[in-house]
Amino acid sequence: MLSADIIVGIIFAAIGSVIYYVKKEKKKYKLIKDFDLDGVNEVIIAPRLEQKYKEADANKINTLFRAHVKRFIKILEEKIPKNFLQNFYNNINETDIAFSLETVPKNLAGFYYAKGNVIRLSPLALASALNHELLHLASSCIMVDKNSPNHIECVGFRQGNDTFEIGRGINEGYTVHLDRKYFSLFKTESRRYNFMATIAELMEIVIGDKKMEELYFTSNLYGLHSELLNKCASSDEIFNFLNDCDFIYCFYGKDNIFIKSQKDEIEKRIQRIFKFLIRSYYFNLLLKDDKDKENKLNNFIQKIPRRKILGIRVYNVINEEVIKEAISEAKERYSHAEIISIR
Ligand SMILES: [Zn+2]
């Protein structure tokens, strides 16, 4: 029997001009042209977090989940300074957590709906799914956009509403990484989420772990952008990086005939992601005149898988040539930066 994906794929193959089609994703990500970042070339300044609550009251939580949430609160407060948890206190005291068969799509274990401040979990979900959604809750706030009637959801490093979205890929990756680092004993089975977590983990090394956590919990994509500018990445490169992460998040590891035929495009973007990370990291080491920079760079590169095998497909994630290019670009930018500072 043909799956619905394949049938849809055949219909679009017949049209020819449409290259990608993915079912069940957010509307704007259906086609490859939606990844052209049309009109998205800036991020909004970090929202000013209001202080509605100063602490979390787990007694307001549905009794089914209360013990789990209490454990989450305990770990979160141990690991993250209280002044970065304003989003968490505002949301946890007014959230509604429940199991739901109807509202959770079949392929998801759960979701956090920022606008309504609710968590819905599949009855089949593992406990780690609740940690993941609580991390979204802890890093979310809604901002009023002065230029449009739309509100903008700021969820960790994701910003978006019904008309645009950016940062979803890196946000999901970092959420998985934080969950693994502090909360869950078990790794997620999802190859896609694991791959995004690898990217986010390296990003955390580039930015610094405490800074990255602060930016995430205070919904500060603008701050992440600024930090990367300081690593000598241009604003365009930063947007390409975020966009590539969104792209990979949508397509990596999925099985349909378009994705199989677009292996080159996926590979190109994966390599651009890691090149960006190596260049930014090495530039920063040069800038700090780190005595151990070559060793640190080596350890960083070791964390990047050379190849990823997904079913019958093999993705070349990175090769020596890309690594060399990243290093020489970092050196070149550093020498320019030096000249500017001497002047
Ligand atoms: Zn998520």
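**Reading strands and a helix in a predicted model**

Mentor: I142 stands opposite E153 in strand 5. Please keep in mind throughout that this is a predicted model.

Trainee: In which sense do strand 4 and strand 5 pair, and over how many bridges?

Mentor: In a regular strand, side chains alternate between the two faces of the sheet. Here, strand 4 (residues 140–144) pairs with strand 5 (residues 151–155) in the antiparallel sense, over 5 bridges.

Trainee: In which sense does strand 5 pair with strand 6?

Mentor: The pairing of strand 5 with strand 6 (residues 158–160) is antiparallel, with 3 bridges. C154 has Q159 in strand 6 as its bridge partner.

Trainee: How many residues lie between the strands in the hairpin of strand 5 and strand 6?

Mentor: There are 2 residues between the strands of that hairpin, and G156 takes a positive phi near 60° there.

Trainee: Let us turn to helix 5. How many of its residues are buried?

Mentor: An α-helix has 3.6 residues a turn, so residues three or four places apart point the same way. In this structure, helix 5 is mostly covered, with 12 of its 16 residues buried. Among them are R168, I170, Y174 and D179.

Trainee: What does helix 5 reach from its first C-alpha to its last?

Mentor: Helix 5 (residues 168–183) reaches 21 Å, close to the 22 Å expected at 1.5 Å a residue.

Trainee: How many helices and strands are there in the protein chain?

Mentor: The chain has 13 helices and 9 strands. Of its 343 residues, 36% count as buried. Among contacts with a separation of 6 or more, 62% join residues 24 or more positions apart.

Conventions:
Residues numbered from 1 in each chain as written. Predicted model: local features only at pLDDT ≥ 70, side-chain atom pairs only at ≥ 80, totals over all residues. Helix = DSSP H or I, 4+ residues; strand = E, 2+ residues; numbered from the N terminus. Expected span 1.5 Å × (residues − 1). Buried ≥ 20, exposed ≤ 12 C-beta atoms within 10 Å, placed from the backbone. Contact = placed C-beta atoms within 7 Å. Pairing = 2+ DSSP bridges.
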